[in-house]
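Opened the file this morning and went through it piece by piece. My notes are below.

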Amino acid sequence: MSKLHDSQKTDLVTAAKRYATSYQGSPAERYMTHRGLGSAAKFRLGYVSEPAVGHELHRGRLAIPYLSPATGIHAVATIRFRCIADACVRAPDGSYLPPHHEKHDGHGKYMGLPGHPPRLFNTGALLTSRPYIALDEGEFDAAAVEGADVPAVGTPGVSTWRDHFDPVFAGFEVVFVLGDGDDAGRRFATKVCERLSNAKAIDLGDGYDAARFIHEFGPAKFRERLGV
Ligand SMILES: [Zn+2]
């Protein structure tokens with residue numbers, strides 16, 4: 001696994017701060033509100049209006065910092081970016097702006113930084129005193145589940161699981177695995193359940209991910225599905 005130098009870590013913290021400062025009133029904030037994720041403030045999401053060195057191609061994108069429970073130069077483990085040009089977003093005057101592009105030709109919808117290995121999102125949730133934790137496919141679902149008062153970590157995708165993720169879940173009575181309600185999401189849940197003996201797949205139904213389920217049915221109904 002590649003290791004970041006201290007100066008690179010400091011740069012990450014500085015960049016994340018800068019992007020968070022630009023978030024309020026930005027297209028990134030409107031995008032999150034449009035998706036019903038307006039309450040994700042504690043994740044210090046950002047908007048790349050002035051890219052840091054090396055982040056130039058992420059201008060105009062939503063910045064998702066991977067915050068760690070540590071402070072100082074270790075506070076931000078990495079940053080991922082989401083292109084929001086595919087989204088129909090609400091303008092400040094209330095009108096809807098059409099997407100700039102539907103398909104992300106030449107780039108991923110989500111992009112990491114070169115040399116940064118896949119990590120778990122929201123690792124602070126692992127410090128919970130509850131006997132359970134949720135494991136979500138994607139950062140936004142983890143954020144939505146946290147908003148529903150269930151501790152949650154996210155994987156940056158269905159195919160990014162790493163062997164060293166396994167032991168961090170060993171201390172929980174149950175790990176609720178929340179894949180998207182599609183083939184890839186169900187494969188993800190099956191794969192995690194094969195690896196973790198305490199994992200329990202929760203299927204929220206065709207086309208539903210955790211964020212959409214919570215947005216439509218509310219946090220109480222969601223917790224009821226988990227039985228917590
Ligand atoms: Zn794009």
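These entries go from the overall layout down to single elements.

**Ground rules.** I'm looking at a predicted model, where local features need pLDDT of at least 70, side-chain atom pairs count only at pLDDT 80 or more, and totals for chains, interfaces and linings use all residues. Residues are numbered from 1 along each chain as its sequence is written.

**Domains.** I found 12 residues of domain 1 in contact with 11 residues of domain 2 (contact: C-beta atoms, placed from the backbone, within 7 Å). On the domain 1 side, I get 7 nonpolar, 3 polar and 2 charged residues (nonpolar is Ala, Val, Leu, Ile, Met, Phe, Trp, Tyr, Cys and Pro; charged is Asp, Glu, Lys and Arg; the others, Gly among them, are polar).

**Helix α2.** Elements here are DSSP runs numbered from the N terminus: helices are H or I, at least four residues, and strands are E, at least two. In α2 (residues 27-34), P27, A28, E29, Y31 and M32 are buried, meaning 20 or more other C-beta atoms lie within 10 Å of a residue's own, with C-beta atoms placed from the backbone. Just after α2, I noted G36 with a positive phi of about 80 degrees.

**Strands β7 and β8.** I checked how β7 (residues 132-137) meets β8: they run parallel, joined by 4 bridges (pairing takes at least two DSSP bridges). A134 sits opposite A152 in β8. The link from β7 to β8 goes through helix α3 (residues 139-147), a right-handed β-α-β crossover (clockwise from the first strand over the helix to the second, with the strands pointing away from the viewer). In β8 (residues 152-155), A152 and G154 point one way, V153 and T155 the other, and all are buried.

Note on methods:
A residue is buried if 20 or more other C-beta atoms lie within 10 Å of its own, exposed if 12 or fewer, and partly exposed in between; C-beta atoms are placed from the backbone. Two residues are in contact if their C-beta atoms, placed from the backbone, lie within 7 Å.
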